[in-house]
Amino acid sequence: MILVGVDGSRAGLEAAGWAAREAALRHVPLRVVHAVPGWVLETGETGRYAGVARWMREGAETVLAGGVDRARREAPGLEVDCALLPGDPRPALIEAAARAGLLVVGNHGLGGFRGLLLGSVAQGVAAHAPCDVVVVREAPAPRGEVVVGVDGSPAAEQVLRFAFAEASLRGASLRAIHAWRPFDLGGGYALGSDDPAGEQSERRMLGEALAGWGERHPDVKVVEEVVKGHPVEVLRHASEGADLLVVGSRGHGALAGMVLGSVSQGVLHHARCPVAVVRVGRPG
């Protein structure tokens, strides 16, 4: 099952449409959910706040209906249901995601400021959800390419598994990018900045990470790319021509207590296409 959170915003409707297309590709059902304060669902038809609770429930049902309608228009025939979740959106979505294979949300919600690149709900669920998460911006027309960031960490296998599967589902090519930076010695000096052997080592690492995946997915054309630069900027640039950008939830060398790595956070804020954050460390 794929779970998508809607909130009445345009971003939420874009998420519902993307999730519906993804569910159709995967041949799984879609559940559209919306969170409301718990007391709204618990309040009966009588009492001091009954009228307010009824009004809020009606509004929430309208939000759900809009999300379901968008999903069914994007993927006619798809099995779609909906539910109201009690509580704050972040913990409510995270708890509901325990029963989902993928959680989809919009990049910012109702009332988001124009300059706000990533809403708190999107960032919160991307960091803490128990399943893989896709944060959807307004999706571009299909371009036939999935981009995956490869950093050489032990998590690369799970990230590549997701990326190859997505490329295969879409009949798209896969661009595997490894961004690297020479070691900064300070004073304007960088170790390895002009050393061809340094770049060759990085290319070898990428090749080793991709070894065997072509045999498992012979239908996917793979483009290997090693780019010198900051990973966030390199991946942001690559996202401009992609249908989906795939990253891991923790980067190479991340502290054990850091649930969402700095590269993942930066990509979520700045990417120009939907971003999949693959939950690493869970059973494959």
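Trainee: Against which helices and strands do the buried residues of helix 5 pack?

Mentor: This is a predicted model, in which local features need pLDDT of at least 70 and side-chain atom pairs count only at pLDDT 80 or more, while totals for chains, interfaces and linings use all residues. Residues are numbered from 1 along each chain as its sequence is written, and side-chain values use heavy atoms, with hydrogens and water left out. Helices (H or I, at least four residues) and strands (E, at least two) are DSSP runs, numbered from the N terminus; buried means under 20% relative accessible area, exposed over 50%, and partly exposed in between, with a 1.4 Å probe and protein chains only. In helix 5 (residues 120-128) the buried residues are Ala122, Gly124, Val125, Ala126 and Ala127, and they pack against helix 4 (89-96), strand 4 (102-106), strand 5 (132-136), helix 10 and strand 12 (275-278), where contact means heavy atoms within 4.5 Å.

Trainee: Which residues are buried in helix 3, and what covers them?

Mentor: An α-helix has 3.6 residues a turn, so residues three or four places apart point the same way. In helix 3 the buried residues are Ala50, Ala53, Arg57, Ala60, Val63, Leu64, Gly67, Val68, Arg70 and Ala71, and their cover includes helix 1, strand 2, helix 2 (38-42) and strand 3 (80-86).

Trainee: How do helix 9 and helix 10 cross, and which residues meet there?

Mentor: Axes are lines fitted to C-alpha atoms, for helices over the stretch in contact, and angles run from 0 to 180 degrees between N-to-C directions. The axes of helix 9 (residues 231-239) and helix 10 (residues 262-270) come within 9 Å and cross at roughly 35 degrees. From helix 9, Pro231, Val232, Leu235 and Arg236 meet Ser262, Val263, Gly266, Val267 and His270 of helix 10.

Trainee: How many helices and strands does the protein have, and what share of its residues is buried?

Mentor: The secondary structure comes to 10 helices and 12 strands, and buried residues make up 47% of the 284 residues.
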